[in-house]
Amino acid sequence: MKRIIAVIRQEKFESVKKALIDAGCEGMNVSEVKGRGRQMGIRESYRGSSYCIDLIPKTRLELVVNDEDLERILDVIVESAHTGEVGDGKIFVSDVAEVIRIRTGERGSDAV
Amino acid sequence: MVMLSTGDTAWVLIASLLVLLMSIPGVAFFYSGLTKRKNVLNTMFLTFIAFSIASVIWVAYGYPFAFGDVSINGLISQPAHFFMTGIGINDLTGSIPTILFIVFQLTFAGLTAALVSGAIVGRMKTSAWMIFIIAWVSLVYIPIAHWVWGGGWLMQMGALDFAGGTVVHINSGVTALALALVLGKRKNPSLLPHNLGYSVLGAGLLWFGWMGFNGGSALAANGLAASAILVSNVAAATALITWVLIDTVKVGKPTMLGAITGGVAGLVAITPAAGFVDVPAAIIIGFVTAFVSYYAIYYLKSKFGYDDALDVFGVHGLSGVWGAIATGIFASPAINGAAGLLFGNPNQLTIQIISIIVTAVYAFVVSIILAKILDKTIGIRVDEKEEIGGLDANLHNESGYRL
């Protein structure tokens, strides 16, 4: 089982979420984060003073998938989150040791 | 000889400030709470800039063309006193200073312009909004104000509009619809208020300020002003309760958004009637108007597919129509001399309907023309990237929250 953490543009979240649901992936948790990669920051101006806001609001999606679904889901995320401009975000994949569904006690792939 | 009444003047001075409060910051908060977070500042900006533009136009040539001493065929005034030159500090209009009457009316012009912004949030270019407001105040608001209040033909015909059912609410509602149609739908037309608390705050300021809007229209510190305030509160409260009950039946639970929308709808509907009807009539007016605007928002909008984002047409336009009709039905001579259908004067209802149709058609047609001209010349809609990224960041380089 694999954990996928995707940091994507805020305005892309709705289409990514929809694409994931269409692909059969309904469980996820979402948080709002600030971050930067190579994107230069956004400019904000107040009373003549201009600031480069280094930390840009992004949306962080976390989901856990079975190994056999990993590549397919990664493709779904990349395709729906992509714009081609700097700031599209990154995806991180890591191993998951155990997954448990609290309600039923199921473990492993069945709980994903 | 009419003399200055310090009581009347004090009240209308305060009432003017109350109407100012409705726009600044009442409407700004009411609307911005309902929009997406990324557009909160732009939504407030639309109100502030519209009010400001209307204010300057009003003193430059607005008041002269709307409320001059002589009406040219009932269509527009023979203007004088551009930029208020020649109006004396001690000149009187009735028992209050002329300057005060100008101030009071200025706040009405500003509010009407600000109200229109609710339909177009999230997708209109700032330059287009500003130019539209300049043209619209000049070509729509000023003539209608003249026709209904400034001695123009609707007033001569006997149309009753105590505080602005036609001039403010039908006018802004229909204009909003026209603009929304030319602008087109937002990419994401969902109504997910980012800060409903702001809207509650805004609605509270509106309710509070409305007491000056309706009460001040008596232009005197007297029983009529008190009666206007009394019936306004009753209509608002009745409409709020009714809306809450409709919500409970239709969607299962009462909602805060429904409550404040109901309250505002009640205030809109009572506006033309406030100085003409009694308490029982006000209760009926409030009760019925909840159904009128509820239907407009929940059914009409989805049926016809127009993106009147914050329901300016549904609330201000249509509750304004009902209020103007109701004035023709319930006007009681005991309150302010005018008689409606229920008091043996069916003609009043006919006159009201004419004034509604004239105002609505004129405002709609001219607004569509102005919007289309603007769209063909400078374009009125922002581009897709700006719309999706948010207007605060793209049009203002600001953000409303720093979390």
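Q: What makes Val30(A) partly exposed?
A: Val30(A) has 13 other C-beta atoms within 10 Å, and the cut-offs say that a residue is buried with 20 or more other C-beta atoms within 10 Å of its own, exposed with 12 or fewer, and partly exposed in between, the C-beta atoms being placed from the backbone. The value 13 falls in between, and Val30(A) is therefore partly exposed. The model is predicted, so local features need pLDDT of at least 70 and side-chain atom pairs count only at pLDDT 80 or more, while totals for chains, interfaces and linings use all residues. Residues are numbered from 1 along each chain as its sequence is written, with chains lettered from A and ligands numbered from 1 in the order in which they are written.

Q: Where is Val30(A) found, and which residues is Val30(A) in contact with, leaving aside its neighbours within four places in sequence?
A: Val30(A) is found in strand S2 (residues 29–35) of chain A, where a strand is a DSSP run of E with at least two residues, a helix is a run of H or I with at least four, and both are numbered from the N terminus. Apart from neighbours within four places in sequence, Val30(A) is in contact with Thr59(A), Arg60(A) and Leu61(A), contact meaning that the two C-beta atoms, placed from the backbone, lie within 7 Å.

Q: What is the phi of Arg47(A), and what is that of Asp311(B)?
A: Phi is positive in Arg47(A), at about 50°, although this residue is not a glycine, and phi of Asp311(B), also a residue other than glycine, is near 60°. Most residues other than glycine have a negative phi, and most peptide bonds are trans.

Q: Which residues does a cis peptide bond join in chain B?
A: The cis bond joins Ile24(B) and Pro25(B), with omega at about 5°, and Pro25(B) lies in helix H1 (residues 6–34) of chain B.

Q: Why are H9(B) and H11(B) called oblique to each other?
A: The axes of helix H9 (residues 256–270) of chain B and helix H11 (residues 312–330) of chain B cross at roughly 40° and come within 7 Å, the axes being lines fitted to C-alpha atoms, for helices over the stretch in contact, with angles running from 0 to 180 degrees between N-to-C directions. Angles under 35 degrees count as roughly parallel, over 145 as roughly antiparallel, 65 to 115 as roughly perpendicular and the rest as oblique, so an angle of roughly 40° makes H9(B) and H11(B) oblique.

Q: How do you know that the radius of gyration of chain B agrees with a compact globule?
A: The radius of gyration is taken over C-alpha atoms, and the globule rule is 2.2 Å times the number of residues to the power 0.38. For 403 residues a compact globule would have a value near 22 Å, and the 20 Å of chain B agrees with this. Buried residues make up 58% of the 403 residues in chain B, and the C-alpha trace of chain B spans about 65 × 50 × 35 Å along its principal axes.
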